[in-house]
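Dear colleague,

Please find below the structure for your review. My notes on it follow.

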Amino acid sequence: MKLPFYDRKNEISRLRIAFQANESNLVCLYGRRRYGKSRLLQRALEEHQHVYYVGDDREASLQRRALAKEIGRLITGFDKVEYHSWEDLFERWRTDAPSGAVLALDEFPYMAAASKELPSVLQKWIDKDSTKPLHIALCGSSQRMMHGLVLDASAPLFGRAREILKLAPLSPFYLSDAMGKVSAEKVIEAFAVWGGVPRYWELAKDYSDTSESIKNLILDPSGVLFREPERLLLDQMRDTRQAASLLSLIGQG
């Protein structure tokens, strides 16, 4: 069940200020999966001319074609050209994009994994003087990869971002509304299981109580969150064996 949009007022305000600036800006939004980064970014983009694209595992040429198709919704004819390099695509964007437009690249680590040169291409594009403000927003769930692409001192994009927002969990204050005005005891019980992760709240809301949601979402091998720990570990580290072994030992007492 889709929940209303809760909180994130400070993050939205900072993003919108960056997108309204009279000079080009790079913003970076990251954090663990299911915190609502994509929904937050799309919310912040509502008042601006923008292109929103979600990266994936396909090879670079297919990614460029898909991105050009999305840009074509804003710039007529943009997708009628085959772009043989990222340089060609971004230079066309610089030339034809309306002043103040935002190019939002969600799941950017997937795009960078398919195109190792992409962060360096973006760095050169950002460093080049522009006659009009054009903004880029990068978003990603893999904190390990986002750190290597933007936050590490050796990364090509290090020091280029005006805003670097690490999304935090939602406050338990909002859980009572999300769960349907339940008692304080029920809020504490639910928060002990789901924390401040809005996507977990959405999934749990489909069940009558916390015990039923745990059984169906987490403990059932067919449950959508059964493999969630593995996915979260993979976002943080290359080799998960030691961490998984330690967690298994703790789980066994």
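I begin with Arg8, which lies in the segment before α1 (9-20); helices (H or I, at least four residues) and strands (E, at least two) are DSSP runs, numbered from the N terminus. The model is a predicted one, in which local features need pLDDT of at least 70 and side-chain atom pairs count only at pLDDT 80 or more, while totals for chains, interfaces and linings use all residues. Residues are numbered from 1 along each chain as its sequence is written, and side-chain values use heavy atoms, with hydrogens and water left out.

The phi angle of Arg8 is near 60°, a positive value in a residue other than glycine. Arg8 counts as buried because its relative accessibility is 5%; buried means under 20% relative accessible area, exposed over 50%, and partly exposed in between (1.4 Å probe, protein chains only). Glu107 also has a positive phi, near 50°, and is likewise a residue other than glycine. Its place is in the loop between β3 and α5.

Helix α3

Helix α3 (residues 60-71) has 12 residues and reaches 16 Å from its first C-alpha to its last, close to the 16 Å expected at 1.5 Å a residue; the expected span is 1.5 Å times one less than the number of residues. Its buried residues are Ala60, Gln63, Arg64, Ala66, Leu67, Ala68 and Ile71. What covers them includes β2 (50-54), α4 (86-96), β3 (102-106) and α5 (108-114).

Salt bridges

The structure holds 15 salt bridges, each defined as a side-chain nitrogen of Lys or Arg within 4 Å of a carboxyl oxygen of Asp or Glu. Side chains of opposite charge can pair when their charged atoms come close.

Arg160 forms a salt bridge with Asp127, with the closest N and O atoms 2.8 Å apart. This pair links distant parts of the chain, 33 residues apart: Arg160 is in the loop between α7 (143-151) and β5 (161-166), and Asp127 is in helix α6 (residues 118-127). Arg160 counts as partly exposed at 28% relative accessibility, as does Asp127 at 41%.

Glu202 and Arg199 meet in a salt bridge of 3.0 Å, N to O. Because they are three residues apart in helix α10 (residues 198-204), about one helical turn separates them. Glu202 counts as buried at 8% relative accessibility, whereas Arg199 counts as partly exposed at 33%.

Glu230 forms a salt bridge with Arg227, the closest N and O atoms being 2.8 Å apart. Glu230 is partly exposed at 42% relative accessibility, and Arg227 is partly exposed at 45%. Finally, a network of salt bridges links Arg32, Arg34, Glu228 and Arg231.

With kind regards

Key: Contact means heavy atoms within 4.5 Å.
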